[in-house]
Amino acid sequence: MGKKRKDLEMYKKFILQLFLCNMILVTGWFCVKGAQMTRLAATPAFQLRLTEDYRNPKADRFYGISKRAASGQRIVDYVVMEKERKYDLPQSDYEALLKIVQAEAGCEDTEGKMLVAGVIMNRVNSSKFPNTVTEVVTQKENGVYQFSPVANGTYQKARASQETVEAVERVLQGEDITEGALYFAARKYADPEKMKWFDCSLVKLFEHGGHEFFTN
């Protein structure tokens, strides 16, 4: 009788040890999976290597680019703009718009950049100006370029910043803060005779940053 009781106790002890071993294994498995999920959650949602500082305008979405990672690969921010575009520009026009905004308003805030981009698009939509961005930007009046950066070469060398890309994207999606402006000028740097024409021939709408905005 004593032997049976002893065997029973040994059996119970074995079952208990087996149960504890299984619990340790299960707990370890969950810990490993939890660590993997935590690491996955910390990984950037998207990774992308771009050859330019701006995206292809034909793409459906726009991804903001953050600072370069230690590996040399650029990491994509979580800023994803999914709105449909109002304007679908050819690549050449898109790049022209980015360059002129950077050249004219590279030191301005986002609204200042949007205003310049908006004036360009207002001209494209107006019967008084050419009907493509590139033609508007490079237009001459009496042999003089309409935009000074085109004349002095800063337009050709301009490389759009991330903020410029984002500002242009908002305008292409239909965000218009121009109040119908078709002209702008930086009085501080403009030729006095040209500013006289602005003041006498146009209607001043408002000022923002270093620019004054006008319409007919």
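Reader: Before we start, what should I know about how the model is handled?

Author: It's a predicted model, where local features need pLDDT of at least 70, side-chain atom pairs count only at pLDDT 80 or more, and totals for chains, interfaces and linings use all residues. Residues are numbered from 1 along each chain as its sequence is written, and side-chain values use heavy atoms, with hydrogens and water left out.

Reader: How many helices and strands does the protein chain have?

Author: Helices (H or I, at least four residues) and strands (E, at least two) are DSSP runs, numbered from the N terminus. Here the protein chain has eight helices and eight strands.

Reader: What share of the 216 residues is buried?

Author: Buried means under 20% relative accessible area, exposed means over 50%, and partly exposed is in between (1.4 Å probe, protein chains only). In this chain, 35% of the 216 residues are buried. Look at α7 for examples: Thr164, Val165, Ala167, Val168, Glu169, Val171 and Leu172 are buried there.

Reader: Which residues have the most contacts inside the largest nonpolar core?

Author: The general idea first: in soluble globular proteins, nonpolar side chains tend to be buried together. A nonpolar core is a set of buried Ala, Val, Leu, Ile, Met, Phe, Trp, Tyr and Cys residues joined through side-chain atoms within 4.5 Å. The largest one here has 41 residues, and Leu97, Ile100 and Val133 have the most contacts inside it. At least two residues of this core come from each of α2, α3, α4 (133-137), α7 (162-172), β6 (183-185), α8 (192-201) and β8 (211-215). The largest share, eight residues, is supplied by α3.

Reader: What does Leu97 touch?

Author: Contact means heavy atoms within 4.5 Å. Not counting residues up to four places away in sequence, Leu97 touches Leu89, Ala117, Ile120, Met121, Val133, Val168 and Leu172.

Reader: Ala117 is on that list. Where does Ala117 lie?

Author: Ala117 lies in helix α3, and with a relative accessible area of 0% Ala117 is buried. Leaving aside neighbours within four places in sequence, Ala117 is in contact with Leu97, Val101, Val168 and Val171. For the protein chain, residues 24 or more positions apart account for 65% of the contacts with a separation of 6 or more.

Reader: At what angle do α2 and α3 pack?

Author: For helices, axes are lines fitted to C-alpha atoms over the stretch in contact, and angles run from 0 to 180 degrees between N-to-C directions. Helix α2 (residues 91-105) and helix α3 (residues 110-125) pack at about 130°, with their axes 9 Å apart. That makes α2 oblique to α3; angles under 35 degrees count as roughly parallel, over 145 as roughly antiparallel, 65 to 115 as roughly perpendicular and the rest as oblique. Leu97, Ile100, Val101, Glu104 and Ala105 in α2 meet Gly112, Lys113, Val116, Ala117, Ile120 and Met121 in α3.

Reader: How do α2 and α7 pack?

Author: Their angle is about 120°, with the axes 10 Å apart, and α2 and α7 are therefore oblique to each other. The contact is made by Tyr94, Leu97, Leu98, Val101 and Gln102 of α2 and Thr164, Val165, Val168, Glu169 and Leu172 of α7.

Reader: And how far apart are the axes of α3 and α7?

Author: They are 8 Å apart, and these two helices pack at an angle of about 50°. That makes α3 oblique to α7.
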